[in-house]
Each structure stands twice: as structure tokens, then as C-alpha cells.
Amino acid sequence: MTPVPEHEKVSILLVDDHPENLLALEALLSNLGQNLVRAESGIEALRLLLHHEFALILLDVDMPAINGFETAELIRQRDRSRHTPIIFLTAVNKAEQHVFKGYQLGAVDYLMKPFVPEVLRSKVIAFVELHKKSEEVKRQAQLLQQMNVELESEKNFISTVLDTADSIIVGLDADQTIVRASRAFERILGYSLQEAQGRPLSSFFLSAGPWADLEQAENYWSAKDGSSRLIAWSKISLGGRNGSGEHSVITGNDITERKRAEEQRMQFIRGEAARQEAEAAERRSTFLAEASTMLASTLDYEKTLINISRLAIPTFADWCFVYLALEGKEISSALIAHSDPEKEFLAQQVEIRPEELSGTTLPVVRVFQTGTPELFSYLSDDELRETVKDEEKFQALVQLGLRSAVVVPIQGRHTVLGVIGFVSPKPDRYTSTELIFAQELARRISLALENARLYREAQEANRAKDEFLATLSHELRTPLNAILGWTQILRAKRLDEVTTNRAFEAIERNAKAQAELIEDMLDVSRIITGRLRLDMKPVGLSAAVEAALDSVKPAADAKDVRLECHLAPDCGLIMGDAHRLQQIVWNLLSNAVKFTPSGGQVKVTLRRLDSEIKLTVSDTGKGISPHFLPYVFERFRQAETMVSRTSTGLGLGLSIARHLVELHGGVIEASSEGEGQGATFTVTFPFREIFPVAANAS
């Protein structure tokens, strides 16, 4: 409660012969901020009244020596205290005749103990306010007419107030009918006192409602000219005279113009906010257009992302970070752009990894994993410290300024390509509008990354096609040159028998090599067009392996490569094309021999594992680099380029083998520890036991 200035305090006399009751009354009324004076008997109360003036007397009835009624009678005999309000308090004298006697002695109220504290407090407040008003009336009366009669001075003061007050003041009787009204009532609403007097106050309301129960409100009052005025009013209830109902005073101010000005101000604020939002939307559209142009202008996505991040500063963020995980690689280091070059340099030196921004506060990795954007309205230092355990990096983030952020995923076709975050040192910087904007930017970045990837793939495909055509030309020309050379020599008819036989062998060998190349090309064509057919019959895979071993043994012996074979005897029969199965094994073996140096080893293993048969071909050759391993079964792909290649072939054998394996319902896999560590190819066929059907004896 607001402290009452010393000069505004009034005195309240508390009379009771029980100290504990006085203490209880003091506790109840102490927060009113008035002077509380104690008297433990009627005699002491009379003594105090000789020297002091009181706004209100709370008087106990049942007291020794001189009781409350006798004390009140003596108080009323003195002119000075004749009109001082007295509230009788009693726990004993509750009979009706005692109540009547109390009111006959001029009491303003007669309360039975125990009473409701709030009721007593509200009554005391009302009489204190009334006393203050009475004192004010007295002072005004002395200044105006120097009259000694308090009642007349009060009437004159009220009349003066009603005539001069700028606010509406209305006196109401117990029926809420207007008794008096100030000049301001006539000036604001146009009704004279004679026109208003006797009318219910609610008749001036456009919409009354349960107004009588309200202590203050704002509503429209109808004026005489048909207009309406918005009045903010409050009500003070007063005790009625001679036992009548409660009177009240309404004071109100015309706030129509102020309200109209406030509405105009709010309209201006809303219009300004709409204008700012439109400008922000235009800036976002311009930014997205510039970002799209920048993304489309180059395929250097890393440089482009840095430029886009700088483009967003400081319009959309104070600093940005981007993490990428392209083509199955691990998440890259952050690409950070800051409005302050020194802070950007600091961020690059510290190198904040995404794992260090992955607590519950700022879960960057979670955005990677779920692909769900996240908005962080406020991030405290304590929350950051829980997320970033490294003190140096925590201090770096504090210097960078991180109070609110938007983190959105950069979606690819099948996976999340990365995340981009916009950060501000101001709390509550971002809303759902900025989140949608960031998602749209991330979508455009994703399209640019996908376009760059497709372009690289197209370039790679063109390069592979060109290299394949060059390799094909070379591989076809080499045996053809040998055939043409020996043919010209044979036409000269100057060769002995040994040289002639050697010529025919060379022609035959090169013709077969050329036929194999052409057959591989035809197989690829059949695979692409879907016209490759299998002659499915029960066949033993062991026989296909042995036939393939016999075919490659001469080449292995020529290179001094040792062939080692382990064939399990219980492999049984599978449904397959014997020729194509042999082709699969031959492609794997010839590939292993080709890339195994002299003195190396190629190992073949065939075994049955429950419901499948597993064929493994491993070598001690040059191995496969981790970068090329995912592409080892693709058509026209070779680890060596045309310039650096050291071996022959079109790079079709493994691709054809994979397709043939898949047509048999199997799976082929390649593994290698790296270059110089050899390679292992594993083929798994489903095993379904086949029972031969015996022919009838007839």
C-alpha cells in the first residue's frame, strides 16, 4: 500500500478494556497508514477526546467503570465530538435493544464480534475518506465565507466542487438515482441539473450491464445532442442518512478524445508495422532473388555459400554458419561468415565442430539427423556452457554473440546435405516468419547443390564415355593391327612352316580377343535393353568354377601368378545358366589375374552356408582405392584414366558380372583395404535343393 503523507494522516481512536483486542484492531488497521490511538477504558477515551480530534471511534460496549454506551453519551454531549463517527464493537451485548440504543446514541454502525475483518476495514476506510472530505469542506468553507457551521460549510464546499470541477461528479441515492450533478455533467453531456435530477444514472448509459456492482469502469454515456461520450468513472460508496440505504458518489472523466487519439495512434502503429513487414518481405524477396542468381552463376558451392552467408549479414543475421555432408562424406568444418571480420577470423581459428553444438540447447547434429528445422528464441550463457564443454570454444561463441538462432536443414533428394544457421546476439530476434524464410533459402541452396552434383555427374559420365570410346578404339585396333600385320606377311609367301603356324596362332588369338570385346559390348547392349536371357537348368557351381580356372590358368602361368582353389564338395546344384555362371567366375578370375603382379596369388573359395552358396575370389594385387570402391561395378568406370592406364580391357567385366549375378538372384560385393592391399570379391547365390527326376523304365 502507498504510504500516506504525514500531513494527510487522521487519528482513529480504539477503545477496549482488553489489550489483546486493541492489539488485534491495530494489526487489522495498521496497513491503512493512519494514526491509531489506544484507550483501555471509557475514561481514558474521554481524556484523549479533550485534547485530540478523531476521524472515527471504534468503541467496545462492555467495559468496567463506564461502559461504551455511557462513554458515547458523554462524547455526544461535547460540541467538538458530537459528530465524530462511532462504531460499536461487542461480543456480549447482541440483543436488539442494545443495537437500537447504540444507534440512538448516534453510532454509525454496530458490529458483533467476531466480525469480518474486511468489512470493518472497508468501513474504516470509508469514514476516513469521509473525514478527509469533511475536513477539506471545512477548510474551503473557512476560505469562502468564514462560516462556523460545519454542515453549511460542507454544503457550500460540495457546491463549489460540483460547480468548478473539470470532472463529472454525480451523487446517487440508494436507488442509484441522481441527486446532485456537477457543472461538468452539463458541459459534457448537455443535461442541466434539473433534467438529470431524479433520473437513474443507468438511463444515460448506452449499455448498462451490471454496472452497480463495479467500482470503476469505462463505458459510453449518451449526450443530449444524440452523440455518445466515453466516460472513465469510479464509484465511492457512502453510508446513508437516518438508517437509509447506501449512497454513492460517481466521479468520471471524458476520455473520448484521448481514446480516439489512442486509436489513431494504434492505427498508425499497425500501419507502420505493416509497412515495416512489407519492407522486410521485400528485403527477403530481394535477398532470395540475389541468392538464386548467385547460386546459379557458379558451381563452386563452397564459395557461393560463403557469399550467401555474407549477403545475409547484417539484414538477416549477425553471423552465419554452414555445415555440409556431401556424397556420403563426414560433416565438414563450419563455413562461418560474420559482420565483424575479426570475429570471423576468430571463428575460423577455433573451428567449432557440429558435435560441439549438439546438446539440447543448440542441436545442430539433430537437425542433420531428423531434417527438422529448429528455432531458438533465447540462449543463455549457462545453456551454452552446458552444450559447449571446451572453454576456448565457449568463450569464442560468447564473443561471436549467440542469443537467438534459426537452424534449418539443406535437404537433398534422399538425405540431408547440410545445415545452415543464422545467428543474432539479440534475444527473440527470430520468429516463425524468419524460420520460413530460412527454409526457403535452404531449399534454393539444396537445388543449387543438386544441380552442381548433377552437372558433376554429367561431366563424369561424359568423361567416362570419352575414355570408354578411346579405350574401345584402342582395344579393337590392337588385335586388328596384329591380324592385318600377319595377313600381309602371309601374302608374301616367304615364311617357313614354323613362322606360318605362329602367324595363324597370332591371328586366331587376336580374333578371339576381338570377339570377346565385341561379345562384352553385345552383353552390355542386351543388359541395357533388357534382352539378356538365361537358359536356367540345374547346374553345379563347382563345374563352372573349374572351367573358368582352366580358362585363366594359361594367363596366370604366363604372369607367374599362383592360383589357389578350395571347392567344398557339398555345394550341390543351383538353378542357373552354366555358360553365364562360368562367365561370372571367368570375369572375376581374369580381373584378379590382370591386376595381380608377378609372384602374386589369386585364391578361389566355394562353400555352402545354410541357405546360400558363397563364392570368394581374392588376390594380392594392386587393390582398390576407397574413393573408387563405390563405383567398381559401374559400366565404363575404370580406376585408371586413359593416360595412366597400365592394363587392357574396357572396364565392362565387373559390370556384366554384377548384372548376371543379380539375374541369378544373387549379390556381389567388393572390398579392399586400399591400394596395394589386394581386393576380394564375394558372390552369394541363394541355395534351393534340387532333386533330379528319374525317367520311367518304360
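**Figure 1. Overview of the predicted model.** A residue counts as partly exposed when its relative accessible area lies between the buried limit of under 20% and the exposed limit of over 50%. E218, at 45%, is therefore partly exposed. The structure shown is a predicted model. Its 698 residues include 40% that count as buried. The secondary structure comprises 19 helices and 22 strands. The protein exposes about 38,400 Å², and carbon and sulfur atoms supply 52% of that area. Take the contacts between residues at least 6 apart in sequence: 59% of them join residues at least 24 apart.

Figure 2. Five strands line up in the order 2-1-3-4-5. Their pairing is parallel, and the sheet is open. Strand 2 (35–39) and strand 5 (109–112) stand at the edges. Each has a single partner strand, so one side of each lacks a neighbour in the sheet. On average, neighbouring strands are turned by 20° against each other, direction ignored. Strands of a sheet pair through backbone hydrogen bonds, in parallel or antiparallel fashion.

Figure 3. Strand 4 covers residues 86–90. Four bridges join strand 4 to strand 5 in the parallel sense. Within the pair, F88 stands opposite Y110 of strand 5. Helix 4, made of residues 96–104, lies across both strand 4 and strand 5. Helix 4 runs at about 145° to strand 5.

Figure 4. Helix 2 spans residues 42–51. It lies across strand 1 (11–15), strand 2 and strand 3 (56–60). Its angle to strand 2 is about 135°. Which residues of helix 2 are buried? They are G42, A45, L46, L48 and L49. Seen down the helix axis, these buried residues fall within an arc of 160°, so they line one face of helix 2. An α-helix has 3.6 residues a turn, so residues three or four places apart point the same way. The buried residues of helix 2 pack against strand 1, strand 2 and strand 3. They also pack against helix 3 (68–77).

**Figure 5. The salt bridge of R82 and D79.** The protein has 22 salt bridges by the rule used here. In one of them, the side chains of R82 and D79 meet at 2.7 Å, N to O. R82 is partly exposed, with a relative accessible area of 36%. D79 counts as exposed, at 59% relative accessibility.

**Figure 6. A salt bridge between distant parts of the chain.** The side chains of E218 and K259 meet in a salt bridge of 3.8 Å, N to O. This pair links distant parts of the chain, its residues being 41 apart. E218 belongs to strand 8 (residues 216–222). K259 belongs to helix 9 (residues 256–297). E218 has a relative accessible area of 45% and is partly exposed. K259 is partly exposed as well, at 29%.

Figure 7. D557 and K553 form a salt bridge through their side chains, 3.0 Å from N to O. Both residues sit in helix 17 (residues 541–559). They are four residues apart, so about one helical turn separates them. D557 counts as partly exposed at 47% relative accessibility. K553 is partly exposed too, with a relative accessible area of 42%. Elsewhere, R229, D254, E257 and R260 form one network, joined by salt bridges that share partners.

**Figure 8. Strand 19 and its two partners.** Strand 19 covers residues 601–609. Strand 17 (residues 562–567) pairs with strand 19 in the parallel sense, over six bridges. Here H566 stands opposite T605 in strand 19. Strand 20 (residues 612–619) runs antiparallel to strand 19, and eight bridges join the two. In this pairing L606 stands opposite L615 in strand 20. How many residues lie between the strands in the hairpin of strand 19 and strand 20? The hairpin has two residues between its strands. D610 takes a positive phi near 55° in this hairpin.

Conventions: Residues are numbered from 1 along each chain as its sequence is written. This is a predicted model: local features need pLDDT of at least 70, side-chain atom pairs count only at pLDDT 80 or more; totals for chains, interfaces and linings use all residues. Side-chain values use heavy atoms; hydrogens and water are left out. Two strands pair if DSSP finds at least two bridges between them. Axes are lines fitted to C-alpha atoms, for helices over the stretch in contact, and angles run from 0 to 180 degrees between N-to-C directions. Contact means heavy atoms within 4.5 Å. Buried means under 20% relative accessible area, exposed over 50%, partly exposed in between (1.4 Å probe, protein chains only). Accessible areas come from the Shrake-Rupley method with a 1.4 Å probe; for residues, only the protein chains shown count as cover. The arc is that of the directions from the helix axis to the C-beta atoms. A salt bridge is a side-chain nitrogen of Lys or Arg within 4 Å of a carboxyl oxygen of Asp or Glu.
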